[in-house]
Amino acid sequence: MPLLDLSEILRRTEEIAREVVAPSAEAVDREGRWPEANLRALQQAGLGGLVIPRESGGLGQGLFALARVCETLGRVCGSTAMCFGMHHVGSAVLAAKATADQKERYLIPINEGRHLTTLALSEPGTGSQFYIPQTRLAEISSDLFQVSGVKSFVTNGGHADSYVISTVAASPNAPPGQFSCVVLPGQAPGMIWQESWKGVGMRGNASRTVEMKNVEVPRRDLLGNEGEEIWYLFTVIAPHFLMAMAGTYIGIAAAALEEIKAHLTRRRQAHSGATLGQQTLIQHRFGALWAEVERTRRLIYHAASQGDAGSADVLPALCSAKAEVADCAVHVANEAMTLAGGIAYREGSILQRCLRDARAAHVMAPTTDNLRIWVGRALLGQPLLGD
Ligand SMILES: Cc1cc2nc3c(=O)[nH]c(=O)nc-3n(C[C@H](O)[C@H](O)[C@H](O)COP(=O)(O)OP(=O)(O)OC[C@H]3O[C@@H](n4cnc5c(N)ncnc54)[C@H](O)[C@@H]3O)c2cc1C
């Protein structure tokens, strides 16, 4: 693959966002359609291996690039941004400790745009406490394991070529709380997908539930070593997930801001001849919304850059970025709807889609409450995973 720098990566993303993703965004939302054509276009543009290291043939980009790519897509279609973002989170986990065999079977096809992956941590039982899986990994022989359990809200569910999942560690001697990551092929026998996704927002996301009944996993598909899931969680999953989601939702907030700006400039009242944008109160409110988006974006970029630089103290910034963007995206989209008046309240308006998509930010784990608690604990020197 040709090595692309960040400006070329963003140029290609913007082009696809404008020419492929934007024209289909309304239909993806209305029909609850998984945005396959959008994802294929991004893969074909050479962006599939965005966060895979260069030594493994990827683009070698980090958190900042991930946030920017998701932001660019989120400005036109939240579902596409999330689907592509979750592919990169899964890719980062696959790449972190990939064996030569895993590089061959997963990373090369991802880099070549032939393989889409995703991350499945959440379960119906433990919900937002996604770091306590109940899915079991049973050792059948020295070379073979079986996975049994249920994963819920799996983005790209039923469409991905592979699923990166968390399981309780196989060894009966494993200490409580120790678990493992494995990768399952998309069509593994024993994976039973439940009904299609019908969300309030993020309707193209295919966030489905899958039951796994004795799904066979060869040892070569164990990621890292047994019991390393906590390492994966904080070193790989959390930073990539938080920045993919922060990028997606700041994109949605920016879309709401652009939409309301266009409306305020356009909408002219018959009795005075003035636009809404000429009203002092509206100028004040629009200015405050712009500042909210801008300061949240700066926090996200700062957190991502610090993460890429390997800063040891980055966790509060990464967690706060996603907590702040959830507040920002919901508030900005909600306020923009008020400023736009009745026109935005109509079915099919961009602003109502922004608001519905933004709403998922608070409940996507780590939830906003959870993130705030982690920030407090990290800053106060308390253990992160307490009660
Ligand atoms: C659009 C969408 C896409 C998703 N994609 C993925 C994906 O790709 N992969 C994946 O693994 N998951 C995904 N999820 C799942 C998501 O990350 C959460 O795990 C899931 O939404 C949690 O739902 P729940 O109803 O079980 O929440 P619950 O755990 O029941 O939580 C409900 C509320 O209670 C709060 N709460 C929970 N425990 C406590 C406590 N002890 N004290 C105080 N408050 C608490 C939570 O913060 C939350 O506000 C997705 C979810 C959505 C909506």
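Helices here are DSSP runs of H or I with at least four residues, strands are runs of E with at least two, and both are numbered from the N terminus. Residues are numbered from 1 along each chain as its sequence is written. You are looking at a predicted model, in which local features need pLDDT of at least 70 and side-chain atom pairs count only at pLDDT 80 or more, while totals for chains, interfaces and linings use all residues.

**Stop 1: the annotated span.** Select residues 243-379, where an unreviewed UniProt entry places "domain: Acyl-CoA dehydrogenase/oxidase C-terminal"; such annotations may be inferred rather than shown by experiment. This span is 77% helix and 0% strand, and its end C-alpha atoms lie 20 Å apart.

**Stop 2: the domains.** Now colour domain 1 (6-111), domain 2 (119-226) and domain 3 (230-379), with bounds from an automatic or database domain assignment. Between the C-alpha centres of domain 1 and domain 2 there are 22 Å. Across their boundary, 21 residues of domain 1 are in contact with 18 residues of domain 2 (contact: C-beta atoms, placed from the backbone, within 7 Å). On the domain 1 side, helix H1 (6-31), helix H4 (78-96) and helix H5 (100-111) each give two or more residues. H4 has the largest share, 11 residues.

**Stop 3: the ligand.** Which domains give residues to the shell around the ligand? Domain 2 and domain 3 both do, so the ligand lies between them. Show the 24 residues around the ligand; Ser 122, Gly 127, Phe 153, Thr 155 and Thr 367 come nearest (a residue is near if its C-beta atom, placed from the backbone, lies within 6 Å). Strand S1 (119-120), strand S3 (144-154), helix H9 (350-363) and helix H10 (368-379) each supply at least two residues of this shell.

**Stop 4: along H10.** Stay with H10, whose 12 residues reach 17 Å from first C-alpha to last, close to the 16 Å expected at 1.5 Å a residue (1.5 Å times one less than the number of residues). Just after H10, find Gly 381, which takes a positive phi of about 70°.

**Stop 5: a helix crossing.** Finally, select helix H3 (residues 63-74) and helix H7 (residues 280-308), whose axes come within 7 Å and cross at roughly 145°. Axes are lines fitted to C-alpha atoms, for helices over the stretch in contact, and angles run from 0 to 180 degrees between N-to-C directions. Leu 63, Phe 64 and Ala 67 in H3 meet residues of H7 including Ile 300, Tyr 301 and Ala 304.

Note on methods:
Contact = placed C-beta atoms within 7 Å.
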